[in-house]
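Biologist: I have a structure to read and would like to go through it feature by feature, with the general idea followed by the case at hand.

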Amino acid sequence: MNETIAIIGGGPAGLFCALQAAGAGGDVVLFEKKPAPGKKLLIAGSGQCNLTHDGEIGDFLSHYGDHGAFLRPALMNFTNRDLIAFFADRGLRMETEPRGKVFPETRTSADVLAVLLTECAARGVEIRCNDPVLAVERDGDGFIVRTAKAAVRAGVLVLATGGASYPATGSTGDGYAFARALGQPTTEVAPALAPVYVEDYPFADLAGISFQNLTLSVYRDGKRVGRHAGDLLFTHTGLSGPGILDLSRSIRPRDELRVTFLPGASAEEVRKHLADAIAAGGARQVKTVLCDLALPERFVRRLLDLAGIPAGETCAQLRKNSRNALAASLAEYPFRVERLGGFNEAMVTRGGVALEGINKKTMASKIVENLYCIGETLDIDGDTGGYNLQAAFSTAALAAGHIAGVYASR
């Protein structure tokens, strides 16, 4: 077996796998197409690097759509606590926000990257920057990695190329092509954790208004295909915020997105709550009663306008059809989806290397011997809040451990 371990991609998954595999018995060579590694990591969490999430690692499994079960071995092998300890042991302590997001105390992504690069250097990892891989091919039981500068033979190949989101950082979907060239199946890719653009959007001038813990439902051909509770943000062009981003994996153009605008309430509960409030309102203005429900005043004014209700209308004056229209807007406001934000706006990629072709206990291919796929190259996309970076580190650690075992057993 060739002594070289080749890793394509210098993001968090590639760097962590490299430093973990170094010293296992083979020389580790990491190929990075950009002038320096970790460009996408530097913009994670708006440059503050939301590295992982607080809580029990078992609770993470529900934050990866239908693919949490695949990640269980990786997450249990290298947990959020392990990740926090790795950086703390190297002088970069973490802090946890009240809602569970974990950041470096310095709030600087560059400090996370610096730890990874320092460890790679200390462990003898060779990082070849400005050297994009052009092709990969089988070479006996190993591989040939071809760049414009060289053809490198490797006994083990790790695809850590990331997804196709934020292509300016180098994530342009190369890994999918490399996988397919080796006979490794992939699934269709699309943007995920992306904002949603809607038709005839009526809230453009309310950009910046946000709502917490709303129920968001997706309907396709009259059937509900997704539901999520989370925060929503009005933008100039559509809908965003953590709840929308998390749900975007389930949204397609022409879907109907229905929003329940009272926190933590179902559509039925909103209708009853509003009916009771209006019935008890008497001479009070409808606008005042709605604002008492902790709804932003500018949003209330717009809802009244859309329902054809005069701004000074009292609860006693409110006609039944107007009340019903208002209740429908609050309980299940319908937005027709025009499109999702593209790869230049999406935080991660939906789709990738098909999980059916990967051993979830090792991250090794079931089809191509000595091939490993990790991080966002896989068909995995997690919710906002640090779940995607945790998956990158956990899959990298699992792959590196297996690679080390392979070399140790020779």
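Predicted model: local features only at pLDDT ≥ 70, side-chain atom pairs only at ≥ 80, totals over all residues.

Biologist: How many bridges join strand 16 to strand 17, and in which sense do they run?

Modeller: Strand 16, residues 256-260, is joined to strand 17, residues 333-340, by 4 bridges, and the two run antiparallel. Both belong to a closed barrel of 6 strands, in the order 12-15-14-13-16-17, whose pairing is antiparallel. On average, neighbouring strands of this sheet are turned by 45° against each other, direction ignored.

Biologist: Which helix lies across strand 16 and strand 17?

Modeller: That is helix 11, residues 320-332, which lies across strand 13 as well and runs at about 100° to strand 16.

Biologist: How should I read the open sheet, and which strands stand at its edges?

Modeller: The open sheet has 5 strands in the order 6-2-1-10-19, with parallel pairing. Strand 6 and strand 19 stand at the edges, and because each has a single partner strand, one side of each is left without a neighbour in the sheet. The twist averages 20° from one strand to the next. Strand 2, residues 27-31, pairs with strand 6 over 3 bridges in the parallel sense, and Leu30 stands opposite Ile127 of strand 6. Helix 1, residues 12-21, lies across strand 1, strand 2, strand 6 and strand 10, running at about 170° to strand 2.

Biologist: Which residues of helix 4 are buried, and why are they on the same side?

Modeller: The general idea is that an α-helix has 3.6 residues a turn, so residues three or four places apart point the same way. In helix 4, residues 80-88, the buried residues are Asn80, Leu83, Ile84, Phe86 and Phe87. They cover an arc of only 155° around the axis, and therefore lie on the same side of helix 4. At the start of helix 4, a side-chain oxygen of Thr79 comes to within 3.2 Å of the backbone nitrogen of Arg81.

Biologist: How many disulfides does a search of the whole structure find?

Modeller: A disulfide is a covalent bond between the sulfur atoms of two cysteines. A search of the whole structure finds 0 disulfides. For Cys17 the nearest cysteine sulfur, that of Cys120, is 9.9 Å away. The sulfur of Cys129 is 11 Å from its closest cysteine sulfur, in Cys120, which is too far for a bond.

Biologist: Are Cys17 and Cys129 buried or partly exposed?

Modeller: Cys17 is buried, with a relative accessible area of 0%, whereas Cys129, at 23% relative accessibility, counts as partly exposed.

Technical notes:
Residues numbered from 1 in each chain as written. Heavy atoms only, no water. Pairing = 2+ DSSP bridges. Axes fitted to C-alpha atoms, helices over the stretch in contact; angles between N-to-C directions. Contact = heavy atoms within 4.5 Å. Buried < 20%, exposed > 50% of the residue type's maximum accessible area, 1.4 Å probe, protein only. Arc of directions from axis to C-beta. Polar contact = N/O pair within 3.5 Å; in protein donor to acceptor, adjacent residues only side chain to side chain. Disulfide = S-S within 2.5 Å.
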